[in-house]
Amino acid sequence: YPHWSEAILDELIEHSMLRIPQISHYLRKNLVYALSGYIFMVSEAFRLLPQSFLNFGIKWNDACLIYLFLTSFYLYSRKQNYFSIKNDEVAKAISYILLYFTILLFATWIFIDQDCFSAIKVYRLYLLYAIYFQFRLLGFKSKLKIFKFIFVLIAITAGLFIQQVATGIPILVGGADEVATHGELTRYRNTSLFVEIGLFAILFTTCIKRYSTLFTCILASALILPMSRTITFVFAGITAVYYFFFYRNKKRLLKYFIPLFIGLAAVWPYFAQRLAKENTLEDIQLTTSLKSSEDFEGGGNFVFRMAIFLERSEYLLKKNLFLFGVGLVHEDSKYTQKTFNFRYGANRTVNGERYKQQVATNDTSWTTIFIISGLIGILLHFYLIYAMIKRFIILKRYHEVFVVPLLSLILCVCTSITDYRLALFYYYTLFFLFASTSIKSIKNATLYNSITSHN
């Protein structure tokens, strides 16, 4: 790699080591603000700031890793059970994933003719899971503060996204990649983040009290405007099931029907164009008729995504790599470009040249994890998801807010074969914020509120 990359890395390490005492003092006083900033960075600044905002030419994820390394070093020195996994199933799942990907890293270095730095670039992203252990240090009240801060960002970016669609002028970081039928509306992919999480919070909790009706209208519109059929219908289905079968305060939700209807009516003509453009049932029929990737002869997005997954599955079976995957190979490495030649994949442009994505594909949540880590990698992530859902169900008995990550995670699982949410590290970060809560911290916060209200 070029010498300038090494020089920047050396400068970052030296600068970071000098900052450890200052960071340590800050953490003792302001862990809530530090972790709020971390979530802002790991979520790529909620698409409000460009990558160039950071100095040293590093990415948002790299800045998060520097923060994670420095703070974890200090916190572990102060708290010896910082990385403890005892009686914590979510921590166990995260530890198993980190251990497995560490083994994959060394196996990639030993058995694959790829430069070491490319494997580290893939591996480093999974290290972000370790933020879970830092979230465990926060009390429940502090986590609610962070969530309300996140909700404000969700509402702001949702409003900007609506304005972007209405004016046709890109506002959030990213751009347009598809134009709807008749050219009346540009379909933007750079959607505002966590919109469904914000909507679940308004509909089924009392955490957001002020301007909740206005927020409902804004977030409902922002959910539908990307014109994702799967996300929209799965969200509606989960909301309906939970409302009719599990939600007790049904009268409370009635006041949101009007703003939900207004938000839906405002954007439905454009969404209807999207529905008319592709036939989902026909896509499903074409998918069930696929016996191999060679049978793919065209169709909609769903059958195309299944052809991508099927082609890579066939490759792993043929190479006897179904269990462990091909290793931590990077999409842009020379090894990937000369080794893989998959026919199906999203087009990507690098330095003016277009080519199909081979390893890192954003068509489904599981394709990339499957190709690099095999069936074991997917099963470990299933275990992590199971542990978090189990935790949310238990915690929901003690506080209403845990219905938000529970329903959001179920939505991510239900849409994972057609959507990329469950492969995004900032979604896991937000789930970790909630999953790291203990029953004791909820009871302590409830007791504190009871005492202060009586006083």
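The expected span is 1.5 Å times one less than the number of residues, and helices (H or I, at least four residues) and strands (E, at least two) are DSSP runs numbered from the N terminus. Residues are numbered from 1 along each chain as its sequence is written. The model being predicted, local features need pLDDT of at least 70 and side-chain atom pairs count only at pLDDT 80 or more, whereas totals for chains, interfaces and linings use all residues; side-chain values use heavy atoms, with hydrogens and water left out.

The buried residues of H3 include Val90, Ala91, Ile94, Ile97, Leu98, Phe101, Leu104, Leu105 and Thr108, where buried means under 20% relative accessible area, exposed over 50% and partly exposed in between (1.4 Å probe, protein chains only). An α-helix has 3.6 residues a turn, so residues three or four places apart point the same way. The buried residues of H3 pack against helix H4 (116-126), helix H5 (131-135), helix H15 (367-395) and helix H17 (425-435); contact means heavy atoms within 4.5 Å.

The axes of H3 and H15 come within 8 Å and cross at roughly 165°, the axes being lines fitted to C-alpha atoms, for helices over the stretch in contact, with angles from 0 to 180 degrees between N-to-C directions. H3 and H15 are therefore roughly antiparallel; angles under 35 degrees count as roughly parallel, over 145 as roughly antiparallel, 65 to 115 as roughly perpendicular and the rest as oblique. The contact of H3 with H15 has 16 nonpolar, three polar and four charged residues. Ala, Val, Leu, Ile, Met, Phe, Trp, Tyr, Cys and Pro count as nonpolar, Asp, Glu, Lys and Arg as charged, and the others, Gly among them, as polar.

A second pair, helix H7 (residues 195-204) and helix H16 (residues 403-414), packs at an angle of about 135° with axes 9 Å apart, and the two helices are therefore oblique to each other. On the H7 side, Glu196, Ile197, Phe200, Ala201 and Phe204 meet Val403, Val404, Leu407, Ser408 and Leu411 of H16. These contact residues divide into eight nonpolar, one polar and one charged.

Tyr426 lies in H17 and is buried, with a relative accessible area of 7%. Leaving aside residues up to four places away in sequence, Tyr426 touches Val42, Ser43, Arg47, Leu193 and Phe194. Phe194 is 232 residues from Tyr426 along the chain, yet their C-alpha atoms are separated by 9.6 Å.

Most residues other than glycine have a negative phi. Phe46 is placed in the loop between helix H1 (3-42) and H2 and counts as buried at 1% relative accessibility. Tyr211, in the loop between H7 and helix H8 (212-224), is exposed, with a relative accessible area of 54%.

Over the protein chain there are 18 helices and four strands. Of its 455 residues, 51% are buried. Among contacts in the chain with a separation of 6 or more, 71% are between residues 24 or more positions apart.
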